[in-house]
Amino acid sequence: MTHRMRWIGAAALVTTASLAGAIVTPRRAGAYERRPAELASSNAGGVLATLNAARTFEGKKFFADLGTNGRTCASCHRPGQAWSITPSEVTQRFDRTAGLDPIFRANDGSNCAGADLTTVERRRRAFSALLTKGLIRVALDVPANAEFEIVSVDDPYRCGSPPTSASMYRRPLPTTNLSFLSAVMWDGRASVPGRAIREDLVAQAIDATTQHAQGPAPSEAELTDIVDFELGLVTAQVRDQVAGSLTSQGARGGPATLTRQPFCIGINDPLGMRPPVPGACLAAPRQLDPAVFTLFGKWLESASPDQQAIARGEAIFNKRPFTIDNVPGLNGDSTDPVRRPIVSGTCTVCHDTPNAGNHSVAMALNIGITAPSRRTADLPLYTLRNRATGALVQTTDPGRAMVTGRWRDISKFKGPILRGLAARPPYFHDGSAATLADVVAFYDTRFHLRLSEREKSDLIAFLRAL
Ligand code: HEC
Ligand code: HEC
């Protein structure tokens, strides 16, 4: 039996086991029995590496032109940018091709649909959000029977789209480390309750091909190739520009340890939000284990101050207490699982998947990224009205509410995976944090952490090493 067949065999076995609700510890190890293909690339923080269970990138449908506009999945999910894109790489592509690379298409690459692309200068203007923040336009209709309507939009691009739909400008999520997902897409719209993540990814790949690449739906075999490939990728920073190898002296950074990291949906979430989905853990843990990242603990005693800083940053992420209050989806309104402020909260209350850092349950949250007070001139501002109460709310992106139609889901997003961060600025769904320092500054303000300067730089050093 070839390795590839064995791998698929193992994946099929695991699917059955996880349908039964078992904790699927052997799943990740199985995929990497033999030395997988490795791909490394440098970035401002050091070196990023991806392990590929398929052992080859050759001939993979992920890199094939499946549509009509020249795009491939890799147009927006680049290995060197941790399988997302960055403004600097996209700008280089623009300059190299005079704005003709297939990512520069007016269906969703440009600020407005159908933009005028007849000259280089017009193209530069049309793709400004993509060039400056790596944002792709996601257009969705307000769901039928939604509890709200869009009453107005302050649209910097004057696209003139009808108030029954919204254009949202979002960062491509990385297509790696996907076996840790509990929800697919920023707003979870590719996830259907009760359906396995793998099936969500199949549905997502169909949508990506028909929408981003404007092609016919891929064949069964192409879909299997794309989804197996994505699920076999594991990515992390392996080398830090100042601290050196992230796998030396007892450290467990880099992608190899991540291939052995067990996961089932809800693995570290005590809030009982776990729907009976395939791939969920058998039972909820009694309480959150705040020690979510266990990569750099050994470096607390390192002789290198740079290694020590990363280890201290990991401890801050896991344990530094602050009050988490007014987070719709968690403890912001009467339907939420927690009814009071979480006084000794940590980053890991939401980023609770061991060593991956995403939310281990599909729990969309509004942490305040879309607030009108944070709005910048390049984002639209929507005013939504509650059809029952007449209440008004303003947001730069209605988030999950555009999927469910529910008023209480406005501006909610999933907690994403936190690996390979150094390779893929800017951060948050709208790219509003240009650097990891901006991310930390956001949290410091939003949740009144009052981090000291040293705590901030330690936390940044840690995030950069993921
Ligand atoms: C034009 C750019 C573009 C192209 C081409 C593209 N994507 Fe994406 N992808 C995005 C954006 C933007 C998002 C996030 C959108 C959102 O969440 O609303 C995304 C999200 C995803 C996700 C969700 C990951 C997660 O953590 O939830 C997967 C999986 C994915 N893409 C796979 C693919 C595949 C497979 C292809 C090719 C068939 C593809 N993409 C082509 C831009 C693109
Ligand atoms: C109340 C839940 C919650 C807490 C607490 C929390 N986060 Fe987040 N985090 C989220 C959500 C939700 C997102 C996605 C937000 C968005 O883009 O709309 C996010 C996004 C991020 C991102 C951006 C990832 C990317 O791919 O762009 C980073 C980095 C991050 N968080 C780090 C932290 C750190 C560091 C802390 C502690 C200081 C922290 N988070 C505390 C929920 C939380």
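What distance separates the centres of domain 1 and domain 2, taken over C-alpha atoms? The centres lie 28 Å apart. The model shown in these views is predicted: local features need pLDDT of at least 70, side-chain atom pairs count only at pLDDT 80 or more, and totals for chains, interfaces and linings use all residues. Residues are numbered from 1 along each chain as its sequence is written, while chains are lettered from A and ligands numbered from 1 in the order in which they are written.

**View 1. The contact between domain 1 and domain 2.** Domain 1 comprises 3–86 + 171–369 + 413–464, and domain 2 comprises 143–164 + 370–412; the bounds come from an automatic or database domain assignment. To their contact, domain 1 contributes 16 residues and domain 2 contributes 15 residues, two residues being in contact if their C-beta atoms, placed from the backbone, lie within 7 Å. The side of domain 1 that touches domain 2 has five nonpolar, seven polar and four charged residues. In this classification, Ala, Val, Leu, Ile, Met, Phe, Trp, Tyr, Cys and Pro count as nonpolar, Asp, Glu, Lys and Arg as charged, and the others, Gly among them, as polar.

**View 2. The shell around ligand 1.** Ligand 1 is surrounded by 27 residues, of which C73, C76, W186, A208 and H212 are the closest; a residue is near a molecule if its C-beta atom, placed from the backbone, lies within 6 Å of it. At least two residues of this shell come from each of β3 (136–141), α6 (197–211) and α7 (220–231). Helices (H or I, at least four residues) and strands (E, at least two) are DSSP runs, numbered from the N terminus. With five residues, α6 gives the most to the shell. By class, the shell around ligand 1 holds 15 nonpolar, seven polar and five charged residues.

**View 3. The packing of α6 and α7.** The two helices pack at an angle of about 120°, and their axes are 10 Å apart. This angle makes α6 oblique to α7. Axes are lines fitted to C-alpha atoms, for helices over the stretch in contact, and angles run from 0 to 180 degrees between N-to-C directions; those under 35 degrees count as roughly parallel, over 145 as roughly antiparallel, 65 to 115 as roughly perpendicular and the rest as oblique. From α6, R198, L201, V202, A205 and I206 meet L223, I226, V227, E230 and L231 of α7. The residues of this contact divide into eight nonpolar, no polar and two charged.

**View 4. The shell around ligand 2.** The residues surrounding ligand 2 number 24, with C347, C350, F413, Y427 and F428 the closest. Helices α11 (436–446) and α12 (453–464) each supply at least two residues of this shell. Its classes are 20 nonpolar, four polar and no charged residues.

**View 5. The packing of α9 and α12.** Helix α9 (residues 305–319) packs with α12 at an angle of about 95°, their axes lying 7 Å apart. The two helices are therefore roughly perpendicular. Residues A309, I310, R312, G313, E314, I316 and F317 in α9 meet E455, S457, D458, L459, A461 and F462 in α12. This contact has seven nonpolar, two polar and four charged residues.

**View 6. Backbone details in two loops.** The peptide bond from P425 to P426 is cis, with omega near -5°, and P426 is found in the loop between α10 (401–404) and α11. R55, a residue other than glycine, has a positive phi near 65° and is placed in the loop between β2 (46–52) and α3 (87–97).
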